[in-house]
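Here is a short briefing to read alongside the model. Please keep the sequence and the 3D view open as you go.

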Amino acid sequence: MYNSSCYNPSSFILVGIPGLEQFHLWIGIPFCVIYLVAIVGNCILLYLIAVEHSLHEPMFFFLAMLASTDLILSTATVPKLLSNLWFGSQEITFSGCLTQMFFLHFSFAVDSAVLLAMAFDRYVAICFPLRYNAILTPRVIIKLMVSIVARSFSIVLPDVFLLKRLPFCGTRTIPHTYCEHIGVARLSSADISVNIWYGFSVPLMTVVSDVVLIAVSYVFILRAVFQLASQGARQKALSTCGSHVCVILVFYTPAFFSILAHRFGHGVPRNVLILFANFYVAIPPALNPVVYGTKQIWNKINLLFFPKGNQ
């Protein structure tokens, strides 16, 4: 039997980056710069896609969804990290911890699904160019976006209830800079086998299925590209996929590296793993607007900031 207060703890303590306390001030500076770049870059991208009718195409709608999710991911983690590093604000309420955890995992699930939708967009554009507008109609785009949000929400929401059912009667110190499902569950004195099973298997299977479908899409894309007679046509077709492939690598490579490091990197110092995890949630949102800045978008940015020079 557990005390009722165990099921509704007032707060947790986020340790930060142990062993590097004397460098917290300096560590926070690059994270602050990266966060500002992410906010400004993604906001500019969303503004351009909203006001420029020439950017009202399926790929740019998916890009707007990716930018919105990146804003959520950055804002859910980096401000709390900076307050911890600079002001020693380590305490986070139980509800705040659950909220941060939800948006962290939700953003990851949405990003993965959006990258799959972008791969489908490139597949249709290259393999069925004449039917592109007939297949990816505004109605289809809306259905895809709603299904992405619904799938991600249904995958992540059980994490919240799986944590709320656990008692936290012992230590409430989280050896990290943000709340994530398994890290919080391990503080409980009860059996967390269900949390571990769900927390690892369901999101992992979802992401793996996304990666497999993206790979299948690019198999068909490459087959269609190499069947083109003109070398120029092949280069043009491949160039349209370049930015998408870069975003895929930026998103998935650190994620799988982080999983492998936690699983097999027992000799890796804890503070290195924590630093890497924070760079993972901070850097991709800042890089995506730059990587996905097509010539069309950069031209619009030039017109936005340097209107006289482009007249």
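Helices (H or I, at least four residues) and strands (E, at least two) are DSSP runs, numbered from the N terminus. This is a predicted model, in which local features need pLDDT of at least 70 and side-chain atom pairs count only at pLDDT 80 or more, while totals for chains, interfaces and linings use all residues. Residues are numbered from 1 along each chain as its sequence is written, and side-chain values use heavy atoms, with hydrogens and water left out.

**Overall picture**

- The protein chain has ten helices and three strands, and from the N terminus on its elements follow the order β-α-α-β-α-α-α-β-α-α-α-α-α.
- Of the 311 residues of the protein chain, 45% count as buried; buried means under 20% relative accessible area, exposed over 50%, and partly exposed in between (1.4 Å probe, protein chains only).
- The accessible surface of the protein chain is about 15,700 Å², with 71% of this surface belonging to carbon and sulfur atoms; such areas come from the Shrake-Rupley method with a 1.4 Å probe, and for residues only the protein chains shown count as cover.
- Taking contacts in the protein chain between residues at least 6 apart in sequence, 81% join residues at least 24 apart, where contact means heavy atoms within 4.5 Å.

**Nonpolar cores**

- A nonpolar core is a set of buried Ala, Val, Leu, Ile, Met, Phe, Trp, Tyr and Cys residues joined through side-chain atoms within 4.5 Å.
- The largest nonpolar core has 70 residues, and Phe12 and Met118 have the most contacts inside it.
- Helix H3 (residues 94-127) gives the most to this core, with 17 residues.
- Apart from this core lies another one of 14 residues, among them Leu20, Ile27, Phe31 and Tyr35.
- Beyond four places in sequence, methionine 118 touches Met59, Phe62, Leu63, Leu66, His244 and Tyr292.

**A nonpolar patch on the surface**

- Patches are made of residues with over 30% relative accessible area and no salt bridge: like charges are joined within 9 Å, and nonpolar side chains (Val, Leu, Ile, Met, Phe, Trp, Tyr) within 5 Å.
- Which residues form the nonpolar patch on the surface? They are Phe23, Leu25, Trp26, Ile29, Val33, Val37, Trp86 and Phe87, with about 840 Å² of accessible area together.
- H1 and helix H2 (58-87) each supply at least two residues of the patch, and H1 gives the most, with five.
- Phenylalanine 87 sits in helix H2 and counts as exposed because its relative accessibility is 66%.

**Salt bridges**

- Side chains of opposite charge can pair when their charged atoms come close.
- The count comes to two salt bridges, each being a side-chain nitrogen of Lys or Arg within 4 Å of a carboxyl oxygen of Asp or Glu.
- Aspartate 121 pairs with arginine 122, and their closest N and O atoms are 2.6 Å apart. Aspartate 121 is buried at 0% relative accessibility, and arginine 122 is buried at 11%.
- Aspartate 210 and arginine 151 meet in a salt bridge of 2.9 Å, N to O. The pair links distant parts of the chain, 59 residues apart, with aspartate 210 in helix H7 (residues 193-225) and arginine 151 in helix H5 (residues 138-164).
- Within that pair, aspartate 210 is buried at 1% relative accessibility, whereas arginine 151 is partly exposed at 26%.

- Asparagine 278 lies in helix H9 (residues 270-291) and is buried, because its relative accessible area is 2%.
- The side chains of asparagine 278 and threonine 177 make a polar contact at 2.8 Å; a polar contact is a pair of N or O atoms within 3.5 Å, where within protein one must be able to donate a hydrogen and the other to accept it, and residues adjacent in sequence count only if both atoms are side-chain atoms.
- Leaving out residues up to four places away in sequence, asparagine 278 touches Phe31, Leu81, His176, Thr177 and Tyr178.
- Leucine 46 belongs to helix H1 (residues 24-51) and is partly exposed at 24% relative accessibility. Not counting residues up to four places away in sequence, leucine 46 touches Ala64, Ala67, Ser68 and Leu71.
- Isoleucine 182, in helix H6 (residues 181-185), is buried with a relative accessible area of 5%.
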